[in-house]
Amino acid sequence: MTQTIKVHGLRQGYGKTIVLQDINLTVASGEILALIGPSGSGKTTLVSTIMGMLRPKVGDVTVLGQAMPNRQLLAKIGFMAQTDALYNALTGRENLNFFGAMQGVSKQTLAQSIPAAAKVVDLTEDLDRNIGGYSGGMKRRLSLAIALISDPAILILDEPTVGIDPVLRQKIWLELHKMAAAGKTILLTTHVMEDAEQADSILMIRKGEAIAQGRPKQLISDYQVDSIEAVFLKAGRQQDAHTRNR
Ligand SMILES: Nc1ncnc2c1ncn2[C@@H]1O[C@H](COP(=O)(O)OP(=O)(O)OP(=O)(O)O)[C@@H](O)[C@H]1O
């Protein structure tokens, strides 16, 4: 398996504030990595650094063997941001066409990839409605469809399942696993523990530090608990104890 995304010794922050300390991770092609952590723990900052929107303060980030930031690599990454950057005055299909064209996808390809992406997120029936009338969850689903339309080798999804009901969430996970099986590299953030359990590997972030990392079953066994949530709680207590002893 090729290591598609590598983060080594990353320290990141804004101005003088440090938000992430000594983060290391790798994601291989065919693998799904979930970044999990509470609000404000630094997940979006890490994703933005991997995308090259923020330059590492210390350490390095490589995608497909090349240091980020690197504009050319962006064409290979399907990105779903946390805040939906959609055009409310346009229909779902028009949004997909617009963002597809921005990503350089040809009209012929879009004619096929738009219905396929809409099907994954269950928006087929609503494609020709103005998205001003979409619910929050529908907008999230449209943003996910936008990340899929160029059929990128790498998917980076910031909170893809927020506002999405359990049945559709399950369906989306099924599709993510299919895409990984076809060789895609997928990195997503979540603060839903059940979501993280479905990933191949998990990186738990708390207060800007990686507190636990590994395959879900392995983590549960290593921490001698019965759920990912319990791993998180235990690893968090260990982090606090360690901080007090520093
Ligand atoms: N542009 C910015 N300037 C200054 N501080 C920021 C900026 N963006 C984020 N932060 C701070 O960095 C920390 C980590 O934020 P980040 O958005 O990465 O967390 P998160 O884990 O993605 O949270 P959430 O789950 O709520 O999205 C927070 O303390 C936040 O206030």
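**Before you click**

This is a predicted model: local features need pLDDT of at least 70, side-chain atom pairs count only at pLDDT 80 or more, and totals for chains, interfaces and linings use all residues. Numbering starts from 1 along each chain as its sequence is written.

**The whole chain**

Show the cartoon. You have eight helices and 10 strands here; helices (H or I, at least four residues) and strands (E, at least two) are DSSP runs, numbered from the N terminus. The radius of gyration is 18 Å, close to the 18 Å that the globule rule gives for 246 residues, so the protein is as compact as a globular protein of that length. That radius is taken over C-alpha atoms, and the rule is 2.2 Å times the number of residues to the power 0.38. Along the principal axes, the C-alpha trace spans about 60 × 35 × 35 Å.

Of the 246 residues, 40% are buried. Buried means 20 or more other C-beta atoms within 10 Å of a residue's own, exposed means 12 or fewer, and partly exposed is in between, with C-beta atoms placed from the backbone.

Now select 5–232. The UniProt annotation for this stretch, from an unreviewed entry, is "domain: ABC transporter"; UniProt positions are given in the numbering used here, feature names are shortened, and annotations may be inferred rather than shown by experiment. Over these residues the chain is 35% helix and 27% strand, with the end C-alpha atoms 24 Å apart.

**The ligand**

Next, select Y14, V19, G37, S39, G40, S41, G42, K43, T44, T45, Q82 and H191, the residues around the ligand. Each has its C-beta atom, placed from the backbone, within 6 Å of the ligand. Helix 1 (residues 43–50) gives the most to this shell, with three residues. By type, the shell divides into two nonpolar, nine polar and one charged. Here Ala, Val, Leu, Ile, Met, Phe, Trp, Tyr, Cys and Pro count as nonpolar, Asp, Glu, Lys and Arg as charged, and the others, Gly among them, as polar.

**The core**

Pick I50, A145, I156 and M204: of the 66 residues in the largest nonpolar core, they touch the most other members. Such a core is a set of buried Ala, Val, Leu, Ile, Met, Phe, Trp, Tyr and Cys residues joined through C-beta atoms within 7 Å. Helix 4 (residues 136–148) gives the most to this core, with seven residues.

Zoom in on I50. Not counting residues up to four places away in sequence, I50 touches I5, V7, V61, V63, M68, I156 and L187, where a contact means C-beta atoms, placed from the backbone, within 7 Å.

Most residues other than glycine have a negative phi, and most peptide bonds are trans. Keep that in mind for these stops:

- M68 and P69 are joined by a cis peptide bond, with omega about 0°. P69 lies in the loop between strand 5 (66–67) and strand 6 (77–80).
- L64 is not a glycine, yet has a positive phi of about 50°. With 19 C-beta neighbours inside 10 Å, L64 counts as partly exposed.
- D151 is not a glycine either, and has a positive phi of about 50°. D151 is in the loop between helix 4 and strand 7 (154–158).

**Last stop**

Finish on Q218, in helix 7 (residues 216–222).

Key:
Two residues are in contact if their C-beta atoms, placed from the backbone, lie within 7 Å.
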